[in-house]
Amino acid sequence: MKVLIVSGFLGAGKTTFIKELIKKTEVYPVVLENEYGDNDLDKRDLANSSEGELKILEFMEGCVCCTKKDTFLNSILAISSSLDPEYLIVEPTGVGKLGNILENVQAVVYDRIELLPPVVVLCPQSFNEYVRDYPDIYRNQIENAGVVVFSKHENADSGFLSLIADEIHKIRPDLAIQRAHYSHMDKAWFMKLLAGGSGGNQRTSAAEMRREYEEEQEHLDEVSIRGMTFASPGNLVSFLQSILMGRFGNIVRAKGVAKAGKELIRFDLADSTYAVKEEDSGSAVIQAVFIGRNLDGEGLRKAGNVKPSSALAEFMTGRK
């Protein structure tokens with residue numbers, strides 16, 4: 001039985017990640033939920049989302065890293081001997097120290113039970129706040145992770161994600177970070193999380209894992225365009241709405257200055273919304289950049305009334 005711990009701070013999206021893992025792999029493990037307080041919301045969420053045979057067990061009112069650790073370990077042994085699943089996924093509460101949980105599980109690791117490198121689900125937008133307000137718990141998650149998986153960042157700026165990754169690497173320089181949203185990853189990627197060596201002691205080194213994950217990062221494309229013009233500010237707003245509707249591909253970030261009627265307008269699009277404001281004509285340059293996947297560069301140029309023959313546009317790949 002292979003044990004995968006899916007950890008992360010409160011609200012990071014651990015249950016959603018587990019749902020996606022099960023959906024992509026079509027593997028139906030036993031899931032051990034360490035519910036926080038007297039509720040079974042995560043258990044219900046998982047059960048309602050599963051179309052296959054999924055067994056969900058739970059702990060209530062206690063943390064598997066401390067007050068309930070003996071019961072937790074006995075449960076792992078009981079699951080191994082009675083249900084004997086290929087995989088056991090453990091979702092601890094977001095307030096426990098991952099290092100303590102790993103140390104506890106090591107006590108029952110033997111030839112029939114293997115502990116896989118743990119997954120830590122992390123929301124980049126909350127990183128600075130949580131590492132400041134809950135440094136012991138949050139840093140412990142990162143220090144003991146096998147891989148960090150970013151969540152809730154579908155429309156985040158790629159530069160921002162790189163900054164957060166750099167901050168994480170200050171805590172763990174060798175840590176693998178999956179920056180592309182996991183919902184875009186294929187079955188093979190998820191199966192690697194469920195893969196392990198024969199026996200509990202054969203592990204891929206953290207440095208090797210980081211190299212492997214960084215090589216597989218999903219790259220984003222970038223289209224830069226100069227000279228976009230629209231008949232009026234209203235036409236520019238309609239253009240931005242069409243971006244959100246996916247007309248020009250999956251654009252996760254767009255910003256720039258365009259001429260709209262007699263005005264110069266600065267626009268900024270991210271997180272499924274946009275903002276516009278009038279720009280000072282004295283220093284503004286009419287140019288824009290669009291970042292995402294499957295971009296329709298020609299369609300963007302036509303929408304901005306930029307002729308292909310005169311467009312000062314460049315298409316670059318390999319941007320993260």
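**A guided look at a predicted model**

Visitor: Which strands have the lowest and the highest confidence in the protein?
Guide: This is a predicted model, and its confidence is lowest in strand S15 (residues 314–319), at a mean of 40. Strand S10 (residues 229–230) has the highest, at 96. The mean pLDDT of the protein is 79, and 76% of its residues reach 70 or more.

Visitor: Where is the pLDDT below 50, and how many contacts does the model have there?
Guide: One such stretch is residues 36–45, which has 21 contacts in the model beyond near neighbours in sequence. Residues 197–204 also stay under 50, with ten contacts beyond four places in sequence. Where pLDDT is low, the predicted coordinates should not be read in detail.

Visitor: What does the secondary structure of the protein come to?
Guide: The protein has eleven helices and 15 strands. Buried residues make up 48% of its 320 residues.

Visitor: What makes strand S11 mostly covered?
Guide: A residue is called buried under 20% relative accessible area. In S11 (residues 250–260), eight of the eleven residues are buried, and that makes the strand mostly covered.

Visitor: How do you know that S10 and S11 pair?
Guide: Pairing asks for at least two bridges. S10 and S11 have two bridges, in the parallel sense, so they count as a pair. Phe230 stands opposite Ala260 in S11.

Visitor: Which residues touch the most other members of the largest nonpolar core?
Guide: They are Ile5, Leu88, Val148 and Ile168, out of 36 residues in that core. Helix H7 (residues 158–171) gives the most to this core, with five residues. Apart from it lies another core of 24 residues, including Val6, Phe17, Ile18 and Val27.

Visitor: With which residues is Ile168 in contact, leaving aside its neighbours within four places in sequence?
Guide: Contact asks for heavy atoms within 4.5 Å. By that test, Ile168 is in contact with Leu122, Phe127, Ile142, Val148, Phe150, Leu175 and Ile177.

Visitor: Which residues are buried in helix H6, and what do they pack against?
Guide: In H6 (residues 135–143), Ile137, Tyr138, Asn140, Gln141 and Ile142 are buried. The buried residues of H6 pack against strand S1 (2–7), helix H4 (98–106), strand S6 (119–122), helix H5 (127–133) and H7.

Visitor: Why is the aromatic pair of Phe9 and Tyr138 called edge-to-face?
Guide: The structure holds 13 aromatic pairs. For Phe9 and Tyr138, the distance is 5.7 Å centre to centre, with 80° between the planes. Phe9 lies in the loop between S1 and helix H1 (14–25) and Tyr138 in helix H6, so the pair ties together parts that are 129 residues apart in sequence. Both Phe9 and Tyr138 are buried.

Visitor: What makes the pair of Phe17 and Tyr182 edge-to-face?
Guide: Their planes stand at 85° and their ring centres are 5.0 Å apart, so the pair is edge-to-face. This pair links distant parts of the chain, 165 residues apart: Phe17 is in helix H1, and Tyr182 is in the loop between strand S8 (176–178) and helix H8 (187–193). Phe17 and Tyr182 are buried.

Visitor: Which residues form one aromatic cluster?
Guide: Phe9 and Tyr138 belong to it, together with Phe127, Tyr130 and Tyr134.

Definitions and conventions:
Residues are numbered from 1 along each chain as its sequence is written. This is a predicted model: local features need pLDDT of at least 70, side-chain atom pairs count only at pLDDT 80 or more; totals for chains, interfaces and linings use all residues. Side-chain values use heavy atoms; hydrogens and water are left out. A nonpolar core is a set of buried Ala, Val, Leu, Ile, Met, Phe, Trp, Tyr and Cys residues joined through side-chain atoms within 4.5 Å. Buried means under 20% relative accessible area, exposed over 50%, partly exposed in between (1.4 Å probe, protein chains only). Helices (H or I, at least four residues) and strands (E, at least two) are DSSP runs, numbered from the N terminus. Rings of Phe, Tyr and Trp (its six-membered ring) pair if their centres lie within 6.5 Å; planes under 30 degrees apart count as stacked, over 60 as edge-to-face and the rest as tilted. pLDDT is the predictor's confidence in each residue, from 0 to 100.
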